[in-house]
Amino acid sequence: MSHLLEVNHLQTHFKTPDGILRAVNGVSFTVDAGETLAIVGESGSGKSVTSMSILGLVSDPGKVVGGEILFEGKNLLRLTKKEYRNMRGKAISVIFQEPMTSLNPIFTVGFQISEVLRTHYKLNRKAAKQRAIEMLDTVGIANAEKVYARYPHQLSGGMRQRVMIAIALVCQPKLLIADEPTTALDVTIQAQILELIQKLAKEQNTGVILITHDLGVVAEMADKVAVMYGGEIVEHASVEQIFHRPSHPYTQGLLASLPKIHEDEQRLYSLPGTVPNLLESSEGCTFAPRCKFASEACLQSKPRLALQGEQHWVSCLKAEEVRG
Amino acid sequence: MEQQIKKRKTTLWSLLWNSKLGSLGAIIVLFVVLVAIFAPWIAPYDPAALDPIKRLKPPFWMEGSLPEHLLGTDNLGRDILSRLIYGSRVSLIVGVGAVLVSGLVGTLLGLLAGYYGKWSNILIMRTADAFHAIPSLLLMLVMLAVVGPGLTTLIFVIGLTNWVSYARVVRGEVLSIKERDFVRAARAAGASNARMLFKHILPNIMSTFIVLSGMNVATTILMESSLSFLGLGIKPPDVSWGTMLSDGKQYIATSWWVSTFPGLAITITVLGVIFLGDWLRDVLDPRMKAND
Amino acid sequence: MKNSRLITVLLLVVLVLSACSGNNGNSSANNGGNSSTNSEAGNGGSDSGRTGDQAKLVIANSADIESFDPHNNNNTYSESVIINVFEYLVKNGENQEKVPGLATEWEMVDDTTWRFKLREGVTFHNGDPFTAADVKFSFERVAKDSSLKQNSYFKHITEVKIVNDYEVEFITEYPDPILLNRLSKMGAGILPAKYIEENGIESFLKNPIGTGPYKFSSWTKDDRVVLVKNESYYGDAPQWEEVTFRMIPEAATRVSELLTGGVDIITGVPVTDIERINGGEATKIEAATIQRVLHLLMRMTEGTVTADPLVREAIELAIDKQAIIDSIAGGMGTVTRTSVTPGNFGADPGLYETSLFDADKAKQLLQDAGYTNGGPEVTLSASTVYKEIAEVVAAMLTGVGFQVNLDILEPSKFTETYNSKGFKELFILGVGNSLFDASNNYNRFLLENAAGETDYNNPEVEELLQAALSNMNPEERAKQYQQVQQHIANDRPTIYLYQMQGVYGVNKRINFAPRLDEMFILDDIKLAN
Amino acid sequence: MGQYLVRMLLQVVPVMFLISIIVFVLVHVTGDPVNLMLPETATEEDREILRAALGLDQPLYQQYFVYIKNVLQGDFGNSFHYGEPALPLVLERLPATFELAAVAMLIGIVIAVPCGMISAVKRNTVLDVIISFLSVIGKAMPNFWMGIMLILLFSVSLGLFPVSGRGGVEHIVLPAFTIGIGLAAQMTRLIRSNMLEILSQDYIRTARSKGLREVLVVGRHAFRNGLIPVVTIMSLQFTSLIGGTLVTETVFAWPGLGQLLVTSVNMRDMAVVQAAVFIIALVVIVCNMLTDVVYRYLDPRIKYN
């Protein structure tokens, strides 16, 4: 059976004056229609670059240098610029993390929604407006007609994120990438927004890639989870597996800090050590310097993603020991 | 740990090295500064020594040139190379001096306005508005007409007309720094005003100051040449690139070298200063835009 | 929707801006009366005013005229333009002899009374006839109003009596041997009495009228003065339909205008451009000696180093005047030891075209004066106009051992210092002479005038100068001035660098002979062939 | 809006008051104009009379009050050089300078906007380096030097444009370019850095993710935002041009305010200098207010409160 999205050995590198930065280093995963995949990791782990790679929006000096991205069986990396552009916003959409800055401050929200429609469906002004107002209504904005003519700065953060969702879903995309869609929002709003995304995705049978560092969100939303560290996926499993049988020391670390999330997000990262330097290709496991299980062997050779159970992939030499 | 300290020290240099234009700018500026400092040892002739018989001789590669005058001679038979070398002194002194004057005045007033606020703020910022509304070249024209031209007056006149940009930027910085935690903490701990200003606020606006000054040195060098054009530049026997350029302007069609070399000197130096300034801005204060 | 809004904003801005400038135009029209409407005509006509149009002439000066008030003007540029609009009673002939202008005959009745017969049938540009009333009005205005710039030349005229419509008598406070000279220079222009009395002087200045061969058309300040032919001129019919005097301050720009055919005549050609203009297909250089003589004045005040005659002689001997002419002036100049050059009353030809230069002797003189190690320190002041010359003079003085502080002043600062007699030992001054009389050169050495400036004090000279001031016997008076010249040449309160030349660039379609007095007498400027 | 304008006007008054003091002080330190106004032959007595006539023998503060009173009535005194009221002299020059400044500005914008945007969009390419380099050179070249060069090249050698003076459209080309090139150089640098900042904004990423063509991303989403700070800078430059064209005006014999100012300062014709400074200051302030209005119009985030 062919997946909605199949990413194989994706490699995205950045050229910097100090050398090549391997932001995404051989990542593979799949997403099916109606399914939600969560990609989890600290900032700098490569999860956002992964999503931008899928959208074909990696900007200079970055470049997708290897692997393939199959969308409905077609390799996106082979598309012309124009073909790719026609996919964006229509078949594949994205919701970004910062509703405050992701909307253009000098255009009305209505304009920014109908702009997508007019780009992809060549709708006239009136039809586009009609559809945009409907969509605003759909994402739960009261007074949609009035809000249509508002500027982003006149709306609250939650409202803006609803507008972003409207923009992303107005063309009924097959794949939605939600890049930390609730991070910048109040806790009470977060739940509403997530619910909205989930509801609309289910209705439209959309495949969702949810990028987050919030394991609470993962638990609520995701069907599958991919944990990223240092540009690689270190563990990939169903959401139950991840929560019940975390097999990578990094995943364990993340889970261990989970109860504290709602007190202070900062503590999520209170793992010892710092994010690895992706410029230097280490011979051993990238996580080894921060790993309490690490041994000589971990520093010597790089672990590969290996099946550790049903649909449960882990890249750790000591996975069994870790799982305990 | 040791390694990290070492790394930090080399950062500035390696950054400079990595920026091609930045290092080009640094090399140009360094060269001009060295020439200015060692002018008496480098210059082949006394810049004021004239010989009307040998006037307007072309540079060495042209017909009719004199081998002893590499870049030719000017309208009074003076050696252009020597005058260029000595001229760098005045251009640099005026450039740097005027910027220091406006920097000092502007920073001081900006500090006062930003730190004390209230009346001093209103008075200083309205005065700044008033100064801003008067064309600076006109202000200089009038001031120079009063005092009479000369190196010192030139520095002060240019300096005193350009303080506004410093005052505005510094005031803005002070206002934002004032609200930062460490300054609030220091104030809560009872630090004196002087201590607050000099210990906490001044060091924090240094980078802004340096960036702004880089831009202003370039503008000042150009301004000196404009004033020379209007007949209010440095007076002989002193020589500056600006006066050379404006003295030579009537020979452009017949003896191009008289004004072209000082023109090139100004352009290249300003180029160097701008490159260096841009780089400094990128390194020290990426928030600031090229609002010169 | 958004775009239309942006466009509206931009349109609004443009509208407001243009409304602003429109208003300004209007307000100047209100205040400026004709001048603003005329200026547009002037601008529009500029293209057709270019060379090639046979009946139109364009002349470029380096400075604008000061005003159309001939009594309130003090520079040669102004006179060279408005002399074509306002006429004098007496004119200067080819050799500075006095020839009839608006007066046809004159006689001295007694030492302080002169009678003039006026030309009949002359009308002002508005058609009013020219009569004795206009003469009375004009001279009593310039003589009595001390705020006018020409007042000091005429204030001893106590009265102008109208004998009849075409005859007047000038009464002077004291005998004035050079009254005729005064009547043939700027300040003596005849204004229309009736017109001014009816309309006021302000209105007159906006729309000036005289009796001359050319009429005022427009004046756009710092841009151009346009004159047009006076069809009803009493003399020979004026030959140019329209003459434009343009103001172009930059020498390089003037030269470019001449070379591209934008103008027909330019003044103040830089010597380095002479070859270029002479080499031009359609351009040539015309040069003529002018009245301006460069002085190097020396302070003889007790206690200054230049009080010592040996030092002053050393200064004269140190300076190679011919070398200055040959280099800086491009050969355009004449050495002289007097400022009363040929063409002026009282000239001493023996002192003309000669100069002293002996650097070795200058060094010796300094030794004799007691400067054995290190020569005297002097400050040499000059206006930026003479910057190059000052630099060369300073170098020559330094060459024989002087220590020279060069003090170059911006022109108005120079004038200020000059008027307040504030210079130190030496200063360079260009002195013209619109009176063509030696008195104009030497009155500065009268005890009263010299005090504080040169502090020159020679009782013999004082006696000669005082006598010549009101000596009505020309031969005797000329002798007196010649004696003064000898004294000055020996006493050296000033030495002379050289007599200057006016260097003009001229389009070859024009025949133009530059004049000693630097005037543009438009009808003497003719089309070639 | 109306309230806003009233408040702006209230701010203008103290500024104009300060300007009047600055101008008054400047003029009175320039010393005694009498020496320049009278011929060299004038006696000390003549000078005293003129001083009294000009009110220069009064105490300074009194002179200031008289001066302010007259200024409020629009009377800046008479130009002693032209013997005419100073204010109309200044006003009749304004159109010429306005014209020059506006065309120069237009040239600057027409060059700078595309150059700056290309430079930003194609940053670090050869094109960007060339544009950046040229713009720095444009900024580093003294104005009068460029003016004389343009005359030699385009008028004397090529015969394309008239050398100097004000007249038809062809007359304004060279002087406007002389100023415009310098302006363009500065604006290009500014627009480039501005666009670079804006192109890295989140909403540009959003625009791209919508599948918009790059032309629209840059031309619609980035440019409109980039315009906002540029408007401010353009207004700053325009106002500085009103008093800052004097060098170019001298080179091209352009009869604008700049020439009047140079002559007046040299002649110590202080009535004209005062009037000119006032008018220029007023123009600057009005332009600033207009800019503010435009700015607010362009940027919906700013409200009138």
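Chain D of this predicted model contains 14 helices and 2 strands. Its C-alpha trace spans about 85 × 60 × 30 Å along the principal axes. Of the 305 residues in chain D, 54% count as buried. Among the contacts of chain D between residues at least 6 apart in sequence, 72% join residues at least 24 apart.

Two helices of chain D may be described in detail. Helix α13(D), residues 257–267, packs against helix α14(D), residues 270–298, at an angle of about 145°, and their axes are 8 Å apart. The crossing of α13(D) past α14(D) is left-handed. On the side of α13(D), the residues that meet α14(D) are Leu257(D), Leu260(D), Leu261(D), Ser264(D) and Val265(D). Their counterparts in α14(D) are Val272(D), Val273(D) and Ala276(D). By class, this contact of α13(D) with α14(D) comprises 7 nonpolar residues, 1 polar residue and no charged residues.

| Domain of chain A | Residues |
|---|---|
| Domain 1 | 1–82 + 175–192 + 201–259 |
| Domain 2 | 99–172 |

The centres of domain 1 and domain 2 of chain A, taken over C-alpha atoms, are separated by 26 Å. Contact between these domains of chain A involves 7 residues of domain 1 and 8 residues of domain 2. On the domain 1 side, helix α8 of chain A (residues 187–204) gives the most, with 3 residues. The residues on that side of domain 1 of chain A divide into 5 nonpolar, 2 polar and no charged.

Thr107(B) lies in helix α4 of chain B, which covers residues 80–116. Thr107(B) counts as buried because 24 other C-beta atoms lie within 10 Å, where the cut-off is 20 or more. Leaving aside neighbours within four places in sequence, Thr107(B) is in contact with Tyr166(B), Val170(B) and Phe209(B).

Confidence in chain B remains to be considered. The average pLDDT of chain B is 79, and 90% of the residues score at least 70. Where pLDDT is low, the predicted coordinates should not be read in detail.

Definitions and conventions. Residues numbered from 1 in each chain as written. Chains lettered and ligands numbered in written order. Predicted model: local features only at pLDDT ≥ 70, side-chain atom pairs only at ≥ 80, totals over all residues. pLDDT = per-residue confidence, 0-100. Axes fitted to C-alpha atoms, helices over the stretch in contact; angles between N-to-C directions. Helix = DSSP H or I, 4+ residues; strand = E, 2+ residues; numbered from the N terminus. Left-handed = near helix turned anticlockwise from the far one by under 90°. Contact = placed C-beta atoms within 7 Å. Nonpolar A, V, L, I, M, F, W, Y, C, P; charged D, E, K, R; others polar. Buried ≥ 20, exposed ≤ 12 C-beta atoms within 10 Å, placed from the backbone. Domains from an automatic or database assignment.
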